[in-house]
Every structure is written in structure tokens, then in C-alpha cells.
Amino acid sequence: CVSIEKELITVSSDYNLLAVNAFNPQSLNSRNNTFMPFALTIRETPFKLIVLDPDNGGLVFESTDADNAWDGIDRRDGVMVPNNKAYIWKVVIQDPLPDEKSTYTGTIVRI
């Protein structure tokens, strides 16, 4: 016996690349100690991720490789960013799917 069911599902809110809003570089759990929006790790699409300092707009981190996640180090001085400060992240998808936006943004906090 075979049964097939189809159901239309509408997502009313944006999934924002399944990005977390906090991470802990000292965590022993590899899923919690770096920041990379999860959808970028499972999609094979070219992208650019940047993390910006909200105080001055400085570029803290940049990556085009899903295996190169942000570990909390500020690339400007090589020092770990402070705890409990929200940073701005932005991803630009180079080849978005039909009807998909090409730019995603959010905030990430190092805890």
C-alpha cells in the first residue's frame, strides 16, 4: 500500500539563513563556539559574510567559505571581541534562488 500526501506550507516570516543570535568561543561544543549562519553550511551557493562593529562600522570579520566561521577574533587587532556586545552581520548571496532576496542581516552576540 502506498500513500502520497501533498500540503502547501507558507512561511510568513523570513528564516534569515537559520542564523543564531549568540555564540560562545570558549564552548567545547563545536556548534556553539563559532558563528556561521547554518543555511550557508548546507547550501552550495557563493556568498560573502561580513561582521561589523556597531560602534564605528569597522570590519571585524569576513568570509566566503562556510568552513571559515567567525571565532570571535577581531581581524583589526587579533583580539577576542568583548562579551555581551552585539555585532552586525550581513550576508550577500551571489546567486539567490528565484524570489529569494540576495542580502540578509542580523546581529550576533559573543557570550
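**Close-up views of the predicted model**

**View 1. Strands β2 and β6.** Strands β2 and β6 run antiparallel and are joined by six bridges. Two strands are taken as paired if DSSP finds at least two bridges between them. Helices (H or I, at least four residues) and strands (E, at least two) are DSSP runs, numbered from the N terminus. Leu49 has Val91 in β6 as its bridge partner. The model is predicted: local features need pLDDT of at least 70, side-chain atom pairs count only at pLDDT 80 or more, and totals for chains, interfaces and linings use all residues. Residues are numbered from 1 along each chain as its sequence is written, and side-chain values use heavy atoms, with hydrogens and water left out.

View 2. Five strands make up an open sheet with mixed pairing, in the order β1-β7-β6-β2-β3. β1 (residues 22-23) pairs with β7 in the parallel sense, over two bridges. Within this pairing, Ala22 stands opposite Val109 of β7. The pairing of β6 with β7 is antiparallel and covers seven bridges. There, Trp89 has Gly106 in β7 as its bridge partner. In a regular strand, side chains alternate between the two faces of the sheet.

**View 3. The largest nonpolar core.** The largest nonpolar core contains 21 residues, and those with the most contacts inside it are Phe47, Leu49, Trp70, Trp89 and Val91. Elements that each supply at least two of its residues are α1 (38-42), β2 (47-52), β3 (59-63), β6 (86-93) and β7 (103-110). β6 gives the largest share, four residues. Such a core is a set of buried Ala, Val, Leu, Ile, Met, Phe, Trp, Tyr and Cys residues joined through side-chain atoms within 4.5 Å. Buried means under 20% relative accessible area, exposed over 50%, and partly exposed in between (1.4 Å probe, protein chains only).

**View 4. Surroundings of Trp70.** Which residues are in contact with Trp70, leaving aside its neighbours within four places in sequence? They are Phe23, Thr34, Phe35, Val51, Val60, Phe61, Val81, Tyr87 and Ile108. Contact means heavy atoms within 4.5 Å.

View 5. The whole structure holds seven salt bridges (a side-chain nitrogen of Lys or Arg within 4 Å of a carboxyl oxygen of Asp or Glu). Asp53 and Arg76 form one of them, with their closest N and O atoms 3.0 Å apart. This pair links distant parts of the chain, 23 residues apart: Asp53 lies in the loop between β2 and β3, and Arg76 in the loop between β4 (73-74) and β5 (79-80). Asp53 is buried at 7% relative accessible area, whereas Arg76 is partly exposed at 41%. Arg76 also forms a salt bridge with Asp74 (2.6 Å, N to O), and Asp74 is buried at 6% relative accessibility. A network of salt bridges links Asp53, Asp55, Asp74, Arg76 and Lys85.

**View 6. The Glu62-Arg75 salt bridge.** Glu62 and Arg75 meet through their side chains in a salt bridge of 3.3 Å, N to O. Glu62 belongs to strand β3 and Arg75 to the loop between β4 and β5, so the pair ties together parts that are 13 residues apart in sequence. Glu62 counts as partly exposed at 31% relative accessibility, and Arg75 counts as exposed at 51%.

**View 7. A nonpolar surface patch.** Tyr15, Leu18, Phe38 and Ile42 make a nonpolar surface patch of about 390 Å². Patches are made of residues with over 30% relative accessible area and no salt bridge; like charges are joined within 9 Å, and nonpolar side chains (Val, Leu, Ile, Met, Phe, Trp, Tyr) within 5 Å. Accessible areas come from the Shrake-Rupley method with a 1.4 Å probe; for residues, only the protein chains shown count as cover. Ile42, in helix α1, is exposed with a relative accessible area of 55%.

View 8. Most residues other than glycine have a negative phi. Leu18, in the segment before β1, has a positive phi of about 55°. Its relative accessible area is 45%, that is, Leu18 is partly exposed. Asp99 has a positive phi of about 65° and lies in the loop between β6 and β7. Asp99 is exposed, with a relative accessible area of 87%.
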